[in-house]
Amino acid sequence: MSLPATELAGDLIAARYRAVRAATEQLCEPLTIEDQVVQSMPDVSPTKWHLAHVTWFFETFVLGRLPGYEPFHPEYDYLFNSYYNAVGKQYPRPRRGLVTRPTLAEVLAFRRSVDAALVDALERDEIDPSGRKLIELGLNHEQQHQELMLMDIKHVLFQSPLFPAYHQPPAHEGTPPGTLAWTTFHGGEYAFGATGESFVYDNETPRHKRRIEDFELANRLVTNGEYLEFMADGGYEKPLLWLSDGWAQIQEAGWRAPLYWVERDGEWHEFTLGGLQPVDTEAPVVHVSLYEADAFASWAGQRLPTEFEWEHAAGSQPVTGRFRGAGLLHPAPSAGSELDQLFGDAWEWTRSAYEPYPGFKAADGAVGEYNGKFMCNQMVMRGGCCATPDDHVRSTYRNFFYPHMRWQFGGIRLAR
C-alpha cells in the first residue's frame, strides 16, 4: 500500500486486510497443533498466542471504537494483551505456553469473527479516518508478528533432538561471495528518518539532520566461514575482544558458537527452518548477539556501523533482497556486488542505542506504547531478513533488540 489507509477506499483496505491475515495463517500450514502451543523460552510466544494477539489488536483498537460491538470473549482482553498497560493488565509473558485453553480451534474462530466484523464495517464505511489509520498500523503490526512466528517456531523446533524441518527450501544457485571489499562514503550533514508520506512507525520520525564523518562500509555481510576463523582463533576465549557485559554473558551462558550451531564429530552444523544442515561457509552468519557481533568486529580490526551510517548508505539503494517471499527462510551467499545484502538475508546489528530522534513524540493513547517506551537499553538493527515480509522494510526502518538476544536473524556488516 503506497498511500496511507486514510486515503484508500474501504474495499481496497479490506483487500489488503484479507491478504495480510491470510498470509499469517499460511505460515501455520506446515505446523501441527502441538507445534503451535509450545513456549520454549520467555522471549518466545506460542504460535497460537500470536494468532490471537494480532486479532486482539484489531478488536481492541478498531472494532472496540464502534457503537454496539461486543467482544468475542470477555477474558481475551487479559490473555492476549501483550504490553499495553493503558488497556489493562496482561497475562504473564513467560507463562503463555501454559494456557491450553482457548484451544487453537477457538483462537481461529476468534480470528474469523473479528475478520468478518471488521471487513463488514469497512464495506459499510463505518470506520473513520483515525480508525483506518489504526487498521494500517495493525496490518504492519501483524506483519511483524509473521516474522516473530517464524523466529519463535524455529526456536521451538530446535528443542527436539530430531531437529525437524518446518519446510523444504527451494534450490537456489549460489556464487562465492569473494573477498570483502569496501565502499567509501563522505561525511557531512545529512537528513535522517522518514518523511511520513506513506506508512512509517513513529520511531522513524521526525526527520532531522545530523553530522556523520567519513566512513567505509563492507560490501556484504560477514560469512559463516569468516566467523569460523574467529572461533578457531579463540575468539570466545579472549576477554579483550569483548564488551564487559558481553564477556559476562558468554561466561554465564557458556556460548562458544552462534545459536543453532551444533557440533557433530568435529564438524559444525546449523539448525535451519529446513532442518539441520552442515554450516555453509559462504552464507552469512546469523543468530549472533550484539556482543558477538561487536567482538568479531574487534577481532577483525574493524567496528560495527552506526544506524545513521547504515541509513546513509542504504538510502540510495533499491529495497531489494532475499525476504520471506524468496522462500528460503535462511540467508544465502552474497553475489559479491557493491553494497550487497543491505536488505534481506539478515538484520544487521549497529552500534547505535535505540533512542528517540530529536523532537520525537509518542502517539496519544495506548498505541503510544507501541515503540516509545522501549527506547532504553536496546540496540538498533537495520535492513530486514529472510523472514521479513517483502513489502515491510524501508531504509528508515528501525528494529531493536536487547544486546544479548540472538534468536532473531541477526548478522554482521563491518564498517571502518
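This is a predicted model: local features need pLDDT of at least 70, side-chain atom pairs count only at pLDDT 80 or more; totals for chains, interfaces and linings use all residues.
Helix α1 spans residues 10–27 and helix α2 spans residues 47–61. Their axes come within 11 Å and cross at roughly 160 degrees. Angles over 145 degrees count as roughly antiparallel, so that is how α1 and α2 run relative to each other.

Now move along to Arg 413, in the segment after β13 (410–411). Is this arginine buried or exposed? Arg 413 has a relative accessible area of 0%, so it counts as buried. Its side chain reaches two backbone oxygens: that of Gln 341 at 3.1 Å and that of Asn 219 at 3.4 Å. Beyond its close neighbours in sequence, Arg 413 also touches several other residues, among them Leu 217, Arg 303, Pro 305, Asp 340 and Glu 348.

Finally, a look at the cysteines. A disulfide is a covalent bond between the sulfur atoms of two cysteines. With a cut-off of 2.5 Å between the sulfurs, the model has 0 disulfides. Cys 385 is in none, and the nearest cysteine sulfur, belonging to Cys 386, is 4.8 Å away. Cys 385 is buried, because its relative accessibility is 0%, whereas Cys 376 is partly exposed at 46%.

Definitions and conventions: Residues are numbered from 1 along each chain as its sequence is written. Side-chain values use heavy atoms; hydrogens and water are left out. Helices (H or I, at least four residues) and strands (E, at least two) are DSSP runs, numbered from the N terminus. Buried means under 20% relative accessible area, exposed over 50%, partly exposed in between (1.4 Å probe, protein chains only). A polar contact is a pair of N or O atoms within 3.5 Å; within protein, one must be able to donate a hydrogen and the other to accept it, and residues adjacent in sequence count only if both atoms are side-chain atoms. Contact means heavy atoms within 4.5 Å. Axes are lines fitted to C-alpha atoms, for helices over the stretch in contact, and angles run from 0 to 180 degrees between N-to-C directions. Angles under 35 degrees count as roughly parallel, over 145 as roughly antiparallel, 65 to 115 as roughly perpendicular and the rest as oblique. Lists of a residue's contacts leave out its neighbours within four places in sequence.
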